[in-house]
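User: I'd like to learn how to read the sheets in a structure. Could you walk me through them?

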Amino acid sequence: MQNSRPLATGLALLFLALLLLALLARFWVTEKAYAFTGPIHIAADEEQVFLFASGDMYRLSPSGQLLDVLGPEVTGLHDDPIDLRILPAGQLLIGEQRPASVRQCDPESWVCRPLGTAARAVIERQFKVLAGSAPNDLILSDARGDTLWGMPEVGGEARKLVEDRTLAGPNGMVHSESGRLWIADTDHRRILELVPASDGSFRPGREHSAMNPLTVGERFYPTMLEVSADGRIWVTQAAEFSQPYSDLLVYDPEDGAQALVGLPQGSYATDIVISGDQLLVTDMDRHQVYRVDSQTLAVSEFGDREFRRRMEHIKQQRSLYQGLGHVALAGVVLFAVLMILAAIKATPKEKRWTQPPAMFDLSTAAEQVPRVSGIHWFERNPKLDRSLRWLEIAGYVLPLLMVAGGLVLYAWVRIQAGPAPAEEVESKLGSLLMILVLSGVLMALIVPLIRFSTQAMKHKLGTDGRRLYIRLANGR
């Protein structure tokens, strides 16, 4: 038996080492799986289509023929771009997030030059870029700052183009034929028209709620949008980040949501672009690009055989590393269990488990403990009395602060919703108010509970050597 303990100890150390290796493998394969992303962003004109997937820039014809694949050594992209745009002259605008920057690249020579250098100073998080007109050479949406920035291409300072509180988490943008700007106001759950002013800024115009009868489930966060030749607005609407699904809805500028495009089940539409009389939609999770007929709304797969083969290869690689991640996770659980069992085996029996403390036998205490004269009351710790006083005060103050905080939260949400919120938003606000009222009632019930608890802890305990006595706070 003694000889088995060193062996069990060695096995425990071995399983610990294997556990750490399984954890490292889990982290490594998870990072590798994230690198194999499907099509994220797309840009197109009458002659070419650019899209980014899994570190490479793909160039296709409008019919879907793969023309070129450019790796990071050519594009200089070592992270996923946040937006792609093709300028009227054919150059490609690339929005990069870390750090925030914009480049203009020649697709033939792939010579690039930086634009909008002021973006690095003001934009910290997700943004989209759009070519503007003087004095706003570039228009950038700022998701963290909840605003739009106008930026000169070279030099100069950035300037805000909308008043504060106009937008919340602005995302994709597109110009309409009338020269106005439609923007996906994501956190306000709406698409909003911005009308240009004489000084180059914008003021709000028409708006349409993304929470409408055509919205599926909670996919009411508009992300990217395009305007077709007939003036209709095509919007990708996603669910919350924990639900990787999104739909494509068609809006009329005057009447709002008109149609829901039937994308394949489980699609995650991340970007959309107009290419002639068709729309191209990227699906990051399914590693596909869809072609949508702007008249019939018919959906088909975009890209030739070679392009689809490459997308399928990326998908298989991602699935491979995800499978290895599951194996590594199973290894973590297995080696953890084996390590614990080996450690138990290596420990002497009498020390394996913590022994419960011996119970105090009141029946024999009377025979063992001599009787004392009168009742001896145990002294209380003065720190405990002070703590009880502070606890009692906190029992009154904290519920009041939480109720006040809830009212402030409701007021802030009401202000964000605007003076005339949509019916769905008004319903959500009513539900929020009801939750806050019920929470306030529960907070009020905590006050007497804390009061009774602190009073009980103030009771004194004493003994005469044979019996226990309790003196209540009222002297009884």
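User: In what order do the four strands of the open sheet 1-2-3-4 pair, and in which sense, parallel or antiparallel?

Analyst: Keep in mind that this is a predicted model. To read a sheet, go from strand to strand and note who pairs with whom. Here the order is simply 1-2-3-4, the sheet is open, and the pairing is antiparallel.

User: Which strands are the edge strands?

Analyst: Look for strands that pair on one side only: here those are strand 1 (39-44) and strand 4 (66-70). Neighbouring strands in this sheet are turned by 20° against each other on average, ignoring direction.

User: What packs on this sheet?

Analyst: That's helix 4, residues 305-346, and it touches strand 1, strand 2, strand 3 and strand 4. The direction of helix 4 makes about 160° with that of strand 3.

User: How many bridges join strand 2 and strand 3?

Analyst: Five bridges, in the antiparallel sense, between residues 49-53 of strand 2 and residues 56-60 of strand 3.

User: Which residue stands opposite Thr236?

Analyst: Leu248, in strand 19. Strand 18 (residues 233-238) and strand 19 (residues 246-252) pair over six bridges, in the antiparallel sense.

Definitions and conventions: Residues are numbered from 1 along each chain as its sequence is written. This is a predicted model: local features need pLDDT of at least 70, side-chain atom pairs count only at pLDDT 80 or more; totals for chains, interfaces and linings use all residues. Side-chain values use heavy atoms; hydrogens and water are left out. Two strands pair if DSSP finds at least two bridges between them. Helices (H or I, at least four residues) and strands (E, at least two) are DSSP runs, numbered from the N terminus. Axes are lines fitted to C-alpha atoms, for helices over the stretch in contact, and angles run from 0 to 180 degrees between N-to-C directions. Contact means heavy atoms within 4.5 Å.
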